[in-house]
Amino acid sequence: MNVQTRREPAPSPPARVAAQSTPAWREVAAAPAVALVTVVAGLIATHEAGFSFRDPDNVAAGYFALVGAAVLLLVGLDVWLRAARRTGSTRPPRAALEAVRRERWTRRRAVPVAIALLSFYVTYLAYRNLKGALPLLRPGDLFDAQLTDADKLLAFGHEPWELSHAVLGGWLPTQILSTFYAAFIVFLPLTLALALVFSPSLQGSLFYATTLSVNWVLGIVSYYLLPSLGPVYAQPGDFAGLPHSEVTRLQEMLLDQRTAFLADTASGTPQAIAAFASLHIAMSFAALLMAYLLRLGRRWKVALWGWLGMTWVATVHFGWHYVVDDVAGLAMGGTAILIARALTGIDLRRVAGPAR
């Protein structure tokens, strides 16, 4: 007797299904919508403040070009890695590379990625102008004294940075913390580029890009709600004894830029000093939460926890932020994810897939 066994077709891996599905219009349009609203707000604010909306030192354009080039390189790496895994060879044939490229990097994936990246840096451009207008639209309104009192309450009558200096005030700890703080300029575009290229879910990538853009907006809102300079500028004597570092140079440069801008808003680089709330913490915490929401592997989560912890200590140690600024940054990062979720309408159960 011949018994025929029927083979059930293998189910498609959830991650691959997510990678191939076309994103909904809301998922693609969310980041540009955030950028548009922020630009309009920036144009109104700069008009009221009496200076032109501009890209100071071509920073936003330069970042977009640099990160855009990095994304293209990562796309090539993504294609090579997938082709190498598929063929079992570190030198996959051109046909295999082309097959992966046609499967993975179609127009329906490449165009939304480009739109998300451009939207992020347009939002950043508007953010810079809104931040520059802050001391002109709210002159004399500073809440550093109140924020200092709140910190003392949290630290049982002490100023938190004094405790940090007592424990970590040596040359080596200061240089390590300085390196972590300065590396944020790499962390932010790196996590965005990695998410846009390597995430198996395009929807998850767009969700993360929208979350980061929303953080710029929430940061500006918090600056205008409670304008403040930060401990290092409000109480410079408390930080004069720290060893010189890259952070010291950056703080001096920002103060010089602020002084020059307030003296000549027509040509100076818009000032960039504001403390409440901490965008370093907000962005870092949002990245950490995203690792859990998209079910990334344990190593990613541990690395992001470590990054958040070091960034927190550095913001207080160097006087960039009050502790309450960092606490508000946690709330801001979580709120950005909720807003991005509402804007994109993303179904996290559909895009997260199994733990990776």
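Trainee: Is Trp-320 buried or exposed?

Mentor: Buried. This is a predicted model, and in it Trp-320 has 8% relative accessibility. The cut-off for buried is under 20%, so Trp-320 counts as buried.

Trainee: Where is Trp-320 found?

Mentor: In a loop. Helix H14 (298–317) comes on one side and helix H15 (323–344) on the other.

Trainee: What is Trp-320 in contact with, leaving aside neighbours within four places in sequence?

Mentor: Among its contacts are the aromatic residues Tyr-181 and Tyr-233. Gly-230 and Pro-231 are also on the list.

Trainee: How far apart are the C-alpha atoms of Trp-320 and Ala-182?

Mentor: They are separated by 12 Å. Along the chain, the two are 138 residues apart.

Trainee: Another tryptophan, then. Where does Trp-161 lie?

Mentor: In helix H7, residues 160–168. Trp-161 has 0% relative accessibility, so it counts as buried.

Trainee: Which residues is Trp-161 in contact with, leaving aside neighbours within four places?

Mentor: Thr-148 and Asp-151 are two of them. Pro-231, Gln-235, Asp-238 and Phe-239 are there too. Val-316 and Tyr-322 are also in contact with Trp-161.

Trainee: Switching to Ser-245. Which loop is that in?

Mentor: The one between helix H11 (231–234) and helix H12 (246–263). Ser-245 is at 4% relative accessibility, so it counts as buried.

Trainee: What does Ser-245 touch, not counting residues up to four places away?

Mentor: Thr-174, Gln-175, Ser-178 and Phe-318.

Trainee: What is the phi of Asp-57?

Mentor: Positive, about 60 degrees, although Asp-57 is not a glycine. Asn-58 also has a positive phi, about 55 degrees, and is not a glycine either.

Trainee: Where is Asp-57 found?

Mentor: In the loop between helix H2 (25–49) and helix H3 (59–87). Asn-58 has its place in the loop between H2 and H3 too.

Trainee: Is Asp-57 buried or exposed?

Mentor: Exposed, with a relative accessible area of 59%. Asn-58 counts as exposed as well, at 55%.

Trainee: On to H3. How far apart are its end C-alpha atoms?

Mentor: They are 42 Å apart. H3 has 29 residues, and at 1.5 Å a residue they should span 42 Å, so the two agree.

Trainee: Which residues of H3 are buried?

Mentor: Ala-60, Val-67, Gly-68, Val-71 and Leu-74 are among them. Further along come Val-75, Asp-78, Val-79, Ala-83 and Ala-84.

Trainee: What covers the buried residues of H3?

Mentor: The cover includes helix H4 (94–104), helix H5 (107–137) and helix H9 (184–198). Just after H3, Gly-88 takes a positive phi of about 70 degrees.

Trainee: And H10, how many of its residues are buried?

Mentor: 21 of 24, so H10 is mostly covered. H10 runs over residues 202–225 and reaches 35 Å from first C-alpha to last. That is close to the 34 Å expected at 1.5 Å a residue.

Trainee: Zooming out. How many helices and strands are in the chain?

Mentor: There are 16 helices and zero strands.

Trainee: What radius of gyration does the chain have?

Mentor: 23 Å. A compact globule with 356 residues would have one near 21 Å, so the chain agrees with that. The C-alpha atoms fill a box of roughly 90 × 45 × 35 Å along the principal axes.

Trainee: What share of the residues is buried?

Mentor: 50% of the 356 residues. The accessible surface comes to about 17,400 Å², and 66% of that belongs to carbon and sulfur atoms.

Trainee: What about contacts with a separation of 6 or more?

Mentor: Residues 24 or more positions apart account for 84% of them.

Trainee: Last one. How many positive and negative side chains are there?

Mentor: 30 positive and 22 negative. The centres of the two sets lie 21 Å apart.

Methods:
Residues numbered from 1 in each chain as written. Predicted model: local features only at pLDDT ≥ 70, side-chain atom pairs only at ≥ 80, totals over all residues. Heavy atoms only, no water. Helix = DSSP H or I, 4+ residues; strand = E, 2+ residues; numbered from the N terminus. Rg over C-alpha atoms; globule rule 2.2 N^0.38 Å. Buried < 20%, exposed > 50% of the residue type's maximum accessible area, 1.4 Å probe, protein only. Contact = heavy atoms within 4.5 Å. Areas by Shrake-Rupley, 256 points an atom, 1.4 Å probe, with all protein chains shown as cover. Lys, Arg positive; Asp, Glu negative; His and termini not counted. Charge placed at Lys NZ, Arg CZ, Asp CG, Glu CD. Expected span 1.5 Å × (residues − 1).
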